[in-house]
Amino acid sequence: MLKSWFTIVFILFYSCITGCGGREGSGRAGHPAAPETSDTTFVDATTGNDATGDGTREKPYQTISHTLLLTSTKSIIKIAHGIYDISIGEQFPIVIPAGKSLTADPIDLDADSAALIRGSGEFDSEYVNGVNTVAVVFDDADSLKNVVIEATDGIALWVERATINSEIVKSGLYASQVGLTLVNDASPQIIGNVMQKNQLNGIELIGNVSPIFLNNSIKENNIGIVITDSASPKFGNSSGGGNNSITNNTLCDFRHTGKSDMNTVGTLWDQDIFEFTITNSCTGGANIVVDGIGFVDYQFIPSTNSLLFQSQQRIRMDQPLYGEVILSQVPSFEWASSGAHLTMVMIWSQPPVVGLSEITSTENIYWLWHSGLGTGGTGYAQFDDGRSLQGDDITNTSPPQPFEKGRSYYWAVWEWDADGKEIYASSSLNYFRVSN
Amino acid sequence: MRQVLTGLLFIACSAHAEIRVEKITVTTNAICSPATGVNYGTINVYCTDPDLEEKYRNLPGLTKYNLNMEKLELMRTHVASMVTELRMKESDSRVTQKNISRLRDNLRQTEKAFSELWRGHEELRFQLAAVMAKLSDFTQGKIESTVKVIGESVAQAVYEQQFQKLSRSLYYDIDKKLKDYRDDLENLKVRVDALQNDVSFLMNEFLEGNLKENVGFFGLSIGGTYLSSAWQPRIAIEFEILMPKIRLLNARASWFAGLSHINWKEKQSYQTLPGSSPIEVIENNEVTLLSIGSRLYMFEWNDELQTYMGATFGLSVLGEEDTFNYGFIMGTEYFRKTSRIALELRWDGFSKIEREETTFNPLGSATVTTVTESLNGWYVGIKVAFR
């Protein structure tokens, strides 16, 4: 049974690693462990003991719920890999109060090991009528990190209160009725998590919540995200895509029944953003459903007027043309070079985030070519002249992967001055679509 | 019968040891003929009558005249000797106060001798004037009887009268020569004073601890400081004051203030796109420093070479902001009559130097960061100083 759980956890986190490109360490062995300071109380489901433990590394407690009852518990509660359920005396729901952080070491893929909280209990929210069945309640806590939560008959994680400084990071909310529920005016940062295989909703946003979603993967739920009331989550926009992935949810990926307008540009959907339209019926795996009065902006159509970088000279992009639908998955690229000796051509699967003088997002670089490769020529590059980027290190590349059919891509060209310091010439951000 | 007698006077009359030949024409009678100038300008008298000749020769005036001439000749020799010595010292960069003092002593003695000679010459002139006043009635042809009648003093007077024109010429000549020598001595004094202002003289005085007052020098340094893996050219001007010996510390020291400028070029190389050649840029960091410092003159190898050590502290006034500069100096200096030239080695430190570090950014403009760090390195340069 345990083995099977770890297999699930493995799949879940592996999906996250490969799909959602978290901003922190992926959780593989060798990555930095969660911080251990003098502010840490240790809990270990396997070796801990609530009766004889003292919360030190050498003598950890066994259950999280017991630890949270103690006044001596420090601000960071570090739980060891293992299963925290009623069999060891865990009591649900586990309420993480203000000033506390629940954290674990990243999942160890090699050892199929993670910190898993499994179970549920009744929780009476101050803000929502009725009693809910919940595994973990985030009640104005500081953070929740590297934890997998399962509540087969309820909600994995209930966020009752959270400020913008609160973080829910790289955790898995899995195989529950609902993965994550936020109520009232909670506004935590939700980064690099996976909400997968929840029977109802991956995420529910109720009330005036305004969380920030970055690099999350919401997939294989009945409905990916349900937004109600005045909830106004942030998924990123053209100047800062959230890079969330909302895919393969059974009824629909994104259901907006609330009042707020929102922007989901920078989200990966089942279909290319230029391939689908918003509907009002959450059926058949629709991408975006709006059955409230709020508006969802999901397409980013770059402007040809402004350049990607402020520069002295404009680079004209000749092939593919702006918004062109191309047939080939391995196209060639042509542009009118300024003649500078340092040139970069970059293609993204999502709109890049451009700061004042640099591109700040590296997650979605799909293909690149630059003058240092020694291939191509001035103003042109064949598909095979370029490379695919591995991670965010430009020196770490691999042979290029053909563009996916039915997907849009953004591309731009820029060239540096002779010193390689300033961008001397730049194109606008262009886009093209690979035909199905 | 009057006879024209021509005497040649060979008188050395120049302080520069040049020989000037003068021809003096005197008129006398036939009884006796004065022949002059055959021996350093003294006068010898030749008469047909040996007794008369003897009397003439023993006349006090003539004797005194000759004595004066001999003294004059001695002084000429002495002055010539002093001139020679002065010339040697003027061309000698190692001249010291001691040497000059000896020359000054000689000069003083010569001046004294000159004064005595002048006084003797005046006395002789006075004596002659008195005698000639008494014998104004004597006429030519009565010399012999006059000598017999009034004795030697009269004979002397007759002689003086007889040779008065010659005497006037000769005394005038002595006057002139003495005045020339007086001028020469004055000239000598001026030249000795000038000699004392020579750099080599001053340096020797300073190194021997004999300097009586501050002496200033203007200096120009050109060299390079090894910073940022390259020699950075540095030019400096300074004003240095050598101070009299500090008795308490038994030290010979100077202090100086100066302005220096470093044209600090730093070559930067950074990678750009993988596979592209690194880019090399040269960054110019101009630094101008206002410094003060002190040198301690410690080792005197010989009369032309000495070694000093010192320290300097400065603050940037242009270019790099608020950079504090410190240096420890060691130099070896060669000095001559008009200048000093030093090879200076120095440990040069800078408390705060800003430089740009460029990190290429494949996703946009490069990141150029300003790094502030302390730097130090060796300076090697040449310093030339003048009064």
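**Figure 1. An open parallel sheet in chain A.** Two strands count as paired if DSSP finds at least two bridges between them. The model shown here and in the views below is predicted. In chain A, 7 strands form an open sheet with parallel pairing. Their order is 1-2-5-9-12-15-18. Strand 1 (40-43) and strand 18 (212-214) are the edge strands, each pairing on one side only. Neighbouring strands of the sheet are turned by 15° against each other on average, direction ignored.

**Figure 2. Strands 9 and 12 of chain A, side by side.** Strand 9 covers residues 143-145, and strand 12 covers residues 167-169. The two pair in the parallel sense over 3 bridges. A:S143 stands opposite A:E167 of strand 12. A:S143 is also one of the residues touched by A:K100.

**Figure 3. A:K100, a buried lysine without a salt bridge.** A:K100 sits in the loop between strand 4 (94-96) and strand 5 (101-104) of chain A. The residue is buried, yet has no salt bridge. A:D142 is the nearest side chain of opposite charge, 8.9 Å away. A salt bridge needs a side-chain nitrogen of Lys or Arg within 4 Å of a carboxyl oxygen of Asp or Glu. Leaving aside residues up to four places away in sequence, A:K100 touches A:T73, A:K74, A:S75, A:I77, A:A141, A:D142 and A:S143.

**Figure 4. The surroundings of A:W348.** A:W348 belongs to strand 32 (residues 343-348) of chain A. Its relative accessibility is 0%, so A:W348 counts as buried. Beyond residues up to four places away in sequence, its contacts include the aromatic residues A:Y366, A:Y409, A:Y410, A:W411 and A:W414. Also among them are A:L308, A:I359, A:I365 and A:L429. A:S361, A:N364 and A:A412 are touched as well. A:S408 is 60 residues apart from A:W348 in sequence, with 8.9 Å between their C-alpha atoms.

**Figure 5. Salt bridge A:R161 to A:D139.** The closest N and O atoms of this pair are 2.8 Å apart. A:R161 lies in strand 11 (residues 155-161) and A:D139 in strand 8 (residues 131-139) of chain A, so the bridge ties together parts that are 22 residues apart in sequence. A:R161 is partly exposed at 23% relative accessibility. A:D139 is buried, with a relative accessible area of 17%.

**Figure 6. Salt bridge A:K197 to A:E220.** The side chains of A:K197 and A:E220 meet at 3.1 Å, N to O. This pair links distant parts of the chain, 23 residues apart. A:K197 is in the loop between strand 16 (194-196) and strand 17 (201-205). A:E220 is in the loop between strand 19 (217-219) and strand 20 (223-227). A:K197 is partly exposed at 39% relative accessibility. A:E220 is partly exposed too, at 32%.

Figure 7. The closest N and O atoms of A:D318 and A:R316 are 2.7 Å apart. A:D318 is partly exposed at 27% relative accessibility, whereas A:R316 is exposed at 52%. In chain B, a network of salt bridges links B:E238, B:E240, B:R295, B:E333, B:R340, B:E344 and B:K383. Over all chains, the structure holds 19 salt bridges.

**Figure 8. The contact between chains A and B.** Chain A contributes 25 residues and chain B 18. The two chains bury about 1600 Å² between them, 62% of it on carbon and sulfur atoms. A:L342, A:W416 and A:K421 lose the most area on the chain A side, together 33% of what that side buries. Between the chains, the salt-bridge count is 0.

Terms used:
Residues are numbered from 1 along each chain as its sequence is written. Chains are lettered from A and ligands numbered from 1 in the order in which they are written. This is a predicted model: local features need pLDDT of at least 70, side-chain atom pairs count only at pLDDT 80 or more; totals for chains, interfaces and linings use all residues. Side-chain values use heavy atoms; hydrogens and water are left out. Helices (H or I, at least four residues) and strands (E, at least two) are DSSP runs, numbered from the N terminus. Buried means under 20% relative accessible area, exposed over 50%, partly exposed in between (1.4 Å probe, protein chains only). Lys and Arg count as positive and Asp and Glu as negative; His and the chain ends are not counted. Contact means heavy atoms within 4.5 Å. Axes are lines fitted to C-alpha atoms, for helices over the stretch in contact, and angles run from 0 to 180 degrees between N-to-C directions. Buried area is the accessible area (1.4 Å probe) that two parts lose on being put together, summed over both.
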